[in-house]
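Hi there,

Here is the structure I promised to pass on.

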Amino acid sequence: MNRKISLALVSMSTAVLLSGATIAIPLVASAALTEAQIQSILSLLQSFNTDQTTINNVNSSLRGQATSGSAGTSAACTFTRDLTMRARGDDVTCLQNYLISTGHFTFADGATGYFGSVTQSAVSAWQAANGVSPTAGYFGSISRAKYNSMAPSTPAPASTPTTTGGTPAAVPAAAGTLRVEAGVQPNASLLPINSTRVPFTVVKFTAPSGNDVTVNSLVVQRTGLANDAALSGIVLLDETGAQLGIAKTLNSSHQATLSEPFVVKAGTTRTMTLAGNAETANGSLAGQVVYISLVTVNSSAATVDGVLPISGAGHTVNESLTIGSVTLQRGSLDPGSSVTKKVGETDYTFSSVKVTSGSAEKIYLRFIRWNQTGSIGTADLANVKTYVDGVAYDTVVSSDGKYFTATFSDNGGKGILIDKGFSKEMSIKGDIVGGSGRTIDFDLAKRTDIGLLGENYGYGITPPQTGATDPTDDTAAFSSTEDPWYDAAQVTVSNGSITVSGATSIPAQNIAINLANQPMGGFTIEVKGEQISVGKMIFYFMATSTSGTGSTGVAGTAITNISLYDANGAVVAGPADGVVVKNGHGKVTFTDTVTFPIGTAVYQLKGKLSTTFVNNNTVQASTTPSVDWTTVKGLTTGNSITGSTAVVTANQMTVKAGALTVSVSSVPIAQTVIAGVQQFLFANYILDGTGSGEDLRLTNIPIAYDFSTGGAAADVTNCKLYDGTTVVNTTGVNPTLAASSTSFTFTGNGLIIAKGTSKTLALKCDLIAGAASASRYAWGLGGADADNAAHSNDWTGVTGLTSGQTIAQTANDSTGQYMTAATGGSIAAVLDTNSPSYKIVGAGQTGVELAKIKFSATNEDIDLKQLALLVSSNASNTPVNLVGRQVTLWDGASQIGTAIFPDGDNATSSQIAVGSFRIPRDGARVLTIKGDIAAITTSGPMVQSGDLLIVDYDGANTGLNGNYGTGVASGSTVPERDLPEHSDYHFAGWNNR
């Protein structure tokens with residue numbers, strides 16, 4: 001098999017040699033295959049001792065480059081969008097070329113790059129031939145998936161160069177080492193003036209299987225018979241052709257250090273390319289041959305396993321070949337001059353440049369690298385993107401936070417195509433979220449920071465110097481030098497800001513009298529740009545009275561020990577006492593210096609109300625930061641800052657003493673209770689603390705019990721109070737007397753009721769199985785004093801949770817609802833409204849619905865245990881119409897039983913399992929009867945069509961031999977109530993034709 005592969009590749013190479021194409025060196029990124037795939041194929045050829053010329057030509061072919069005396073091979077396509085009518089681009093061209101190779105696209109002019117009706121028909125034919133549905137001629141996600149399964153694809157450029165993954169290594173490096181070796185090198189070619197990112201040397205880096213290796217830097221050296229001036233810079237390219245870091249110039253030792261780190265994942269190989277940027281003007285260096293060699297590798301591995309230096313192709317300096325050209329100018333969207341902007345500015349255009357293609361060839365715009373030279377940090381910027389023609393492209397920030405790179409993945413990864421004489425404007429926009437007193441300056445440091453690629457020759461192109469002089473700093477102009485090449489206008493971030501608003505998270509609520517740390521209101525403080533310190537803050541309190549006595553007693557002096565708390569509960573200012581301003585108003589002054597951090601936080605005022613306050617007084621805090629807050633400064637800029645100018649008001653608080661109201665709910669209503677039931681709901685008690693100024697603690701609750709009509713006190717046992725599903729009393733209570741005030745003691749430290757809320761407790765008890773039918777039981781509220789009514793004097797178990805003071809209570813007298821005992825429930829059956837009507841059915845049909853019966857239960861849940869059925873007394877109605885004389889019983893999709901008519905027209909079902917068909921108390925369930933219709937045969941039992949099959953509920957057959965259920969609470973057998981005569985209530989009729 002390997003020999004066949006090798007011969008196939010050699011044959012392909014031979015075909016390439018015969019086609020006679022022009023020599024060119026496009027970037028690795030334009031290849032159809034990944035670098036790892038290319039290296040695998042070339043290694044396979046080497047293993048068969050293939051001659052170097054063949055290997056070089058195959059290498060060129062696989063990279064999409066022309067070969068010596070031949071045309072290049074076609075490459076597989078990368079589709080990043082849906083293609084349909086009127087679409088244009090390189091991806092359309094690639095699709096058309098592919099369809100030409102499959103014989104589906106036969107347009108006389110070949111690939112045009114325009115998706116018209118001919119292309120649509122070709123796509124439709126290809127879809128039909130390859131099982132893609134629908135065959136509408138729309139090349140979408142389904143078609144792309146099919147294409148990718150049939151042809152190799154070119155990976156899109158990695159989103160970030162430092163995290164590009166490698167390919168599995170044929171042999172991982174030894175533990176603790178990084179293996180460095182030469183890859184298959186590009187063909188020697190020309191190095192024209194202004195060409196960039198020309199590949200010289202391919203190097204493979206392989207990590208051990210046990211750990212990743214970070215390559216921190218590479219030292220490279222210019223070698224060969226050439227001057228250093230032949231190279232304006234050296235760059236590192238990853239497997240996709242993306243440039244890592246910035247171009248580096250040679251030093252006096254002819255060396256440069258490429259310091260952008262990259263990671264080689266454990267057990268993988270990264271194939272990287274050392275590339276060069278050519279001279280940018282005629283230097284009389286034509287004919288010199290330049291090499292770039294790797295001489296040093298600095299990595300996290302303990303040892304570098306490899307022989308250095310590694311050298312690749314030598315390219316000849318050429319000063320006569322005219323490749324593509326561009327001109328640059330400041331973009332129309334560029335701000336043009338330095339400005340000051342506040343923190344919070346969004347979607348601001350920091351810098352913009354326009355590139356125009358020359359007449360030599362069309363140009364692909366590959367990437368742009370902005371150099372942020374201002375003092376602001378990356379955390380102070382957000383949503384920084386590059387925009388071209390209104391399309392936003394993400395930026396990748398370098399490790400030092402100074403370079404923001406946007407890569408354009410249009411046209412299958414080649415970039416944005418600029419036609420001859422046309423222009424594209426690139427802008428960088430973002431939001432300013434911090435950095436007061438700092439600057440933002442998005443320059444272009446070097447000409448090679450704009451990635452440009454000629455369409456015809458495939459060389460990277462260096463823009464011209466553009467500027468005639470070195471302009472004044474930050475004047476939005478191009479320079480005659482570099483660093484920076486385009487010196488953008490600068491943005492100065494102004495002072496920080498502080499905004500105060502009322503905090504909705506500190507709601508209006510009840511507050512207690514004479515209790516410390518009562519909430520007086522909350523404020524939301526938003527700080528932008530820099531931390532801000534405040535030397536003094538004043539808050540005012542508006543205190544009102546609803547008692548009709550005016551505002552006496554509610555002035556500011558009645559509020560003491562006031563503090564300002566942050567969201568963590570820490571005191572940031574205070575405590576301080578209020579000062580009287582006028583009746584009904586007060587204020588507090590904090591002289592603590594408070595530093596508010598950047599961000600948004602809630603601060604709360606808390607204090608103590610004196611006993612001069614009375615129920616229903618209100619208190620509302622407010623402040624006007626622009627006048628009430630003084631010595632407000634930004635800690636970064638040191639500048640004074642003015643706060644919000646409007647009055648900011650917190651939510652209003654209502655003064656309330658501790659209070660509790662207890663009452664019996666009207667739910668549950670009076671109803672039947674089955675003897676023997678456990679934890680039946682007898683009553684609900686409402687503990688209402690909505691009018692309380694503080695949280696409440698209940699240690700016990702006394703409630704009244706009554707029984708009558710033959711009942712006894714001991715009939716009800718094991719009574720428990722539930723808060724939801726949680727039992728809150730210590731032990732089950734067994735009442736002993738009627739009308740007694742039975743006390744329930746709460747577990748632990750008592751039951752807590754938050755101020756402003758109410759809680760409902762459910763009282764559930766067991767009723768003994770021997771309770772006499774018609775006995776009545778009730779639980780309510782009643783007092784032990786002379787009037788035998790509920791009264792606050794009867795209650796001693798309620799105190800304030802914080803104050804510990806005894807709380808006044810109101811208990812609303814009630815006997816509660818009487819529950820009447822019964823020995824068991826009852827069950828009834830009716831025809832369900834969805835039961836099937838008369839219908840013609842074919843012999844041999846299975847799962848035919850014959851009837852739907854709705855069962856309802858009263859007094860308790862009931863499990864249906866058995867069902868009696870019959871076929872109606874009709875001459876043509878016989879059980880032989882049913883396969884096996886059997887019907888099945890169904891609860892929805894679940895079969896719960898069967899019934900067989902053994903030798904007549906009556907049938908009793910099998911026992912239905914407990915819980916399989918439980919009819920809820922005061923609710924209903926529908927049971928479905930189904931049957932399989934017998935086939936008609938000469939030997940029977942059914943020998944003719946035309947029978948009328950009717951299966952009825954046999955309401956007359958009740959008891960253990962017929963219809964019955966079992967009460968879930970009582971455990972007693974419950975017979976079903978008889979239905980009217982079945983002759984009047986046929987559940988279903990089936991004409992067996």
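How many helices and strands does the secondary structure of the protein come to? The count is 7 helices and 75 strands, where helices (H or I, at least four residues) and strands (E, at least two) are DSSP runs numbered from the N terminus.

A word on the basis: this is a predicted model, in which local features need pLDDT of at least 70 and side-chain atom pairs count only at pLDDT 80 or more, while totals for chains, interfaces and linings use all residues. Residues are numbered from 1 along each chain as its sequence is written, and side-chain values use heavy atoms, with hydrogens and water left out.

Of the 993 residues in the protein, 49% are buried (under 20% relative accessible area; exposed is over 50% and partly exposed in between, with a 1.4 Å probe and protein chains only). Taking contacts (heavy atoms within 4.5 Å) between residues at least 6 apart in sequence, 76% join residues at least 24 apart.

Now the aromatic rings. The whole structure holds 24 aromatic pairs (rings of Phe, Tyr and Trp, the last by its six-membered ring, with centres within 6.5 Å; planes under 30 degrees apart are stacked, over 60 edge-to-face, the rest tilted). W126 and F139 have ring centres 6.0 Å apart and planes at 45°, so this pair is tilted. Because W126 lies in helix α5 (residues 117–129) and F139 in the loop between α5 and α6 (141–150), the pair ties together parts 13 residues apart in sequence. Both W126 and F139 are buried. For F596 and Y603, the centres are 5.1 Å apart and the planes at 85°, so the pair is edge-to-face.

Finally, leaving aside neighbours within four places in sequence, I450 is in contact with residues including L328, V353, F367, M426 and W485.

Best wishes
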